[in-house]
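Subject: Structure handover

Hello,

The structure you asked about is below, with the sequence. My notes on it follow.

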Amino acid sequence: LKYADALYTQSVRKFPTSSRLKISYALFLLDMMKNKQLAMTQLWAARDCKPSFEEEFVIFRYLKLIEEKLAEQYSNEGNSTYDMNSILIIENLVKQLQDEIEKCALYHMKFWAHIQESNPDLSKTREIGYKIHSSINEIN
């Protein structure tokens, strides 16, 4: 199972826009690895990859099944603080944070590329530095 998981992980990295692969990996995580949280994460990622109508239905159906299983599990444990909306909010915040970190990294690359020029423009360097500073503050 570990080998199959490693293959799926490597494949998802190699083909990040394949919704079918992410759905398959999610089903593997759910059925074989018994990891509902990671399966949900993969299904949410597949939903962002512009899946076909059939794939959208599979994603919707399995998300609902997992949500029902998790809600039942938490209610059996006596934990009433489980809220699917909270999980969705956290997932969206994590995605926004990743986007901001990528934007900050891009500004850093632009900054160092500009600095390596033979005659860098100081006003442009200051402008890029300000964007870096602003993006870091936004991340924090």
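Is Glu127 buried, partly exposed or exposed? At 46% relative accessibility, Glu127 is partly exposed, because buried would require a value under 20% and exposed one over 50%.

Please keep in mind that this is a predicted model. The mean pLDDT of the protein chain is 84, and 92% of its residues reach 70 or more. By element, helix H2 has the highest mean pLDDT, at 92, and helix H5 (residues 84-115) the lowest, at 82.

Salt bridges

The whole structure contains 4 salt bridges.

- Lys131 is partly exposed, with a relative accessible area of 33%.
- Lys103 and Glu100: the closest N and O atoms are 3.3 Å apart. Both residues lie in helix H5, 3 residues apart, about one turn of the helix. Lys103 is partly exposed at 31% relative accessibility, whereas Glu100 is buried at 17%.
- Glu67 and Lys64: the closest N and O atoms are 3.7 Å apart. Being 3 residues apart in helix H4, they are also separated by about one helical turn. Glu67 is buried, with a relative accessible area of 18%, and Lys64 is partly exposed at 34%.

Cysteines

A search of the whole structure finds 0 disulfides. Cys49 is buried, with a relative accessible area of 16%. Cys104 is buried too, at 8%.

Backbone

Lys34 has a phi near 60°, and Lys50 one of about 55°. Most residues other than glycine have a negative phi.

Where do the two sit? Lys34 is in the loop between helix H2 (19-31) and helix H3 (36-47), and Lys50 is in the loop between H3 and helix H4 (53-76). Lys34 counts as exposed, at 63% relative accessibility. Lys50 is exposed as well, with a relative accessible area of 78%.

Regards

Conventions. Residues numbered from 1 in each chain as written. Predicted model: local features only at pLDDT ≥ 70, side-chain atom pairs only at ≥ 80, totals over all residues. Heavy atoms only, no water. Helix = DSSP H or I, 4+ residues; strand = E, 2+ residues; numbered from the N terminus. Buried < 20%, exposed > 50% of the residue type's maximum accessible area, 1.4 Å probe, protein only. Disulfide = S-S within 2.5 Å. pLDDT = per-residue confidence, 0-100. Salt bridge = Lys/Arg side-chain N within 4 Å of Asp/Glu carboxyl O.
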